[in-house]
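Let's take a walk through this structure together. We'll start at the ligand and then move over to where the chains meet.

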Amino acid sequence: MTDRRTPALRASGLAKSFGHVQALRQGELTVHAGEVVALVGDNGAGKSTLISCVSGALLPDAGEVSVDGRPMPLGSIRAAMEHGIATVYQGLAMAPDLSVAENLFLSCELRRPGLLGRLGLLDKKAMRERAWQLMDGLGITTLQDVTLPVGDLSGGQRQVVAVARAVSRAGRLVIMDEPTAALGARQSQMVIETIKATRDRGLGVVLISHDLPRVLEVADRIVIMRLGRVVADLAASGLKIGQIVALMLGERDNDREEGLPA
Amino acid sequence: MTTLRIPARSRLGGLARSTPAYITVALVALVVIFSLISPEWRFLDATNLQAIGRNSAGLVLLAVGLTFVLGAGHIDLSVGATLVLSSVVAGTVAVRLAGEPSASGTFPNAGLAIVIAALAAVVVGGVAGLINGVLVTRLKVNSFVVTLGTMGVATGAAQVLTNGANVAGIPPAVQTSFGLNTVAGIPLPLVLAVVVSLLAGVVLTQTSAGRHALAIGSSADGAMRAGVNVQRSTIVVFVIAGLMAGLAGFLDISRFGTTAISGHSTTMLQALSAVIIGGTSLFGGRASVPGSVIATFIPTVLLAGFVMVGVSSFYQNIAIGVVLIIAVWLDQMRGK
Ligand SMILES: Nc1ncnc2c1ncn2[C@@H]1O[C@H](COP(=O)(O)OP(=O)(O)OP(=O)(O)O)[C@@H](O)[C@H]1O
Ligand SMILES: [Mg+2]
């Protein structure tokens, strides 16, 4: 099944080493608008490294990334943001002393209308109200106050803030690195619904998760990584969990020859 | 509405946010105590209060600059030395531009010379801050080490420029028309320092620049991944601290009519203490300009009070040292 449209994201030949560790050897990722692509693989397979190269958090040693067919400068988070890419990192990337609202708008602050805004004054009220809407939209009912420091939230609440921030900023592509890892069943389902809504808005979504049943529920395609390489890129429909696991672990003998990373 | 369940850390966080309130209480208590024990309430004399205000103005500016640097999770040990270097450059500029004094002792170009000297002081301070910021972000050397180095460089440069002697022959108009002048009984340098502090408070709490500074102080990695330009924000906080030190350098010559090259060995420490006592975290992420401004008066009130009641001024350093340790201890209790 080939798609001839220009993909929202195309990353090819990405490689990244940390000293002797070849974390990423062959990173390939294509995402179309309105498509959810799941990126799966064992711990240490290189998933986070791959998406960090796409999001600008890491500068890859080799490879290229293009958005809507236009090449994107690598190694710059701001450049990726300007190309419409927003990311939920595995470590979440929040400023714990800043409030929920401040974190949601960090680096994309709203300014006051008129002269005061042109002088650089922030519209805190608008940001708080918008923050409430965003958190409400994700069904966060346990959070009483968007002016609480993020450091005071529970791990799950923090994760929801990170998800809200990414989906509210992305113009083309949302990347989520294990967005449901710390979440309860109801909250995880809300994130899945958010992913579907984001897809329906016409954005591409990359989802990294170890929760394969959920992945199969939402993904259009499954990209499987092993030992720093993308080893399979399959349509999700009709795929069985057992097949995915077999590819993740590389249970065919001839793949063992590649050896383990140093 | 459900009742608010406030986690423990936030209750302490609330305390941090109200720091200016209890610093004000402490300051008022000090003033009351010194007033009661000073002979004939002399502590409350206008001249004494004006002297405290004049002595505080430069320190207020240094503290406000350091508030940004500490809020961003860095430190600037060089602000005292930058103050001295700026005052030396400003003094030299004023002397050069003022022309030959007439028989009555007035300088032909005093006004212009003073204005340009003030600008020169601010520019020197800003450049010193820029150098600090660039070194910290480009060399990725810890700001403690960078500013320890630039502190030495700035001190040495001031001594080289003047051969170690204070700059003499600055037009006295700098004192009479500005440094020792008052409006409504308030010393002009203090008025200037308060106006600048108000602006700085707006920048810290109401603009992206202030918010980004606190974000990188809270988590540089988190801020970067949220799209904050960490390098630029870091440079900005050091430039702010430098500009403040430069302006404080000009206030210095306006107060004394000359430079005070060797008079600032404890200035940086006093400003740093005020910032931490005022509720700004030594670990970054939280900062309060009003807290710093109010806390600045604690050392100056202590000194004036000690002098008035006949206690050696040496005790001031001891008192500040003790208060500083208590403030840092409280800061650590607040989390991180
Ligand atoms: N900053 C780093 N420095 C050194 N090694 C790293 C760094 N980041 C990742 N690695 C290494 O690169 C490899 C791939 O890591 P990566 O985080 O991409 O895996 P992952 O697929 O996201 O795993 P997980 O499912 O556990 O999150 C691992 O062996 C890891 O130890
Ligand atoms: Mg990972």
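Keep in mind that this is a predicted model. Begin with the shell around ligand 1: sorted by class, it has seven polar, four nonpolar and three charged residues. That makes 14 residues surrounding the ligand, and among the closest are Asn43(A), Lys47(A) and Thr49(A).

Which parts of the fold do these residues come from? Strand S2 (21–31) and helix H1 (47–55) of chain A each supply at least two residues of the shell. H1(A) has the largest share, with three residues.

Now zoom in on the oxygen atoms of ligand 1. A polar side-chain atom of Ser48(A) sits 2.7 Å from one oxygen atom of the ligand. For Gly44(A), it's a backbone N or O atom that lies 2.8 Å from a ligand oxygen, while Gln90(A) brings a polar side-chain atom to 2.9 Å from a ligand oxygen. Overall, the protein covers 62% of the 620 Å² of accessible area that ligand 1 has on its own.

Next, look at where the two chains touch. Here 28 residues of chain A are in contact with 29 residues of chain B. Together the chains bury about 2500 Å², with 54% of that on carbon and sulfur atoms. On the chain B side, Gln206(B), Arg211(B) and Arg225(B) lose the most area to chain A, together 29% of what that side buries.

What holds charges face to face here? Two salt bridges are found across this interface. Asp97(A) forms a salt bridge with Arg286(B), and their closest N and O atoms are 3.3 Å apart. As for helices, H9(B) gives the most to the chain B side, with six residues.

How values were computed: Residues numbered from 1 in each chain as written. Chains lettered and ligands numbered in written order. Predicted model: local features only at pLDDT ≥ 70, side-chain atom pairs only at ≥ 80, totals over all residues. Heavy atoms only, no water. Near = heavy atom within 4 Å. Polar contact = N/O pair within 3.5 Å; in protein donor to acceptor, adjacent residues only side chain to side chain. Areas by Shrake-Rupley, 256 points an atom, 1.4 Å probe, with all protein chains shown as cover. Helix = DSSP H or I, 4+ residues; strand = E, 2+ residues; numbered from the N terminus. Nonpolar A, V, L, I, M, F, W, Y, C, P; charged D, E, K, R; others polar. Contact = heavy atoms within 4.5 Å. Buried area = accessible area lost by both parts, 1.4 Å probe. Salt bridge = Lys/Arg side-chain N within 4 Å of Asp/Glu carboxyl O.
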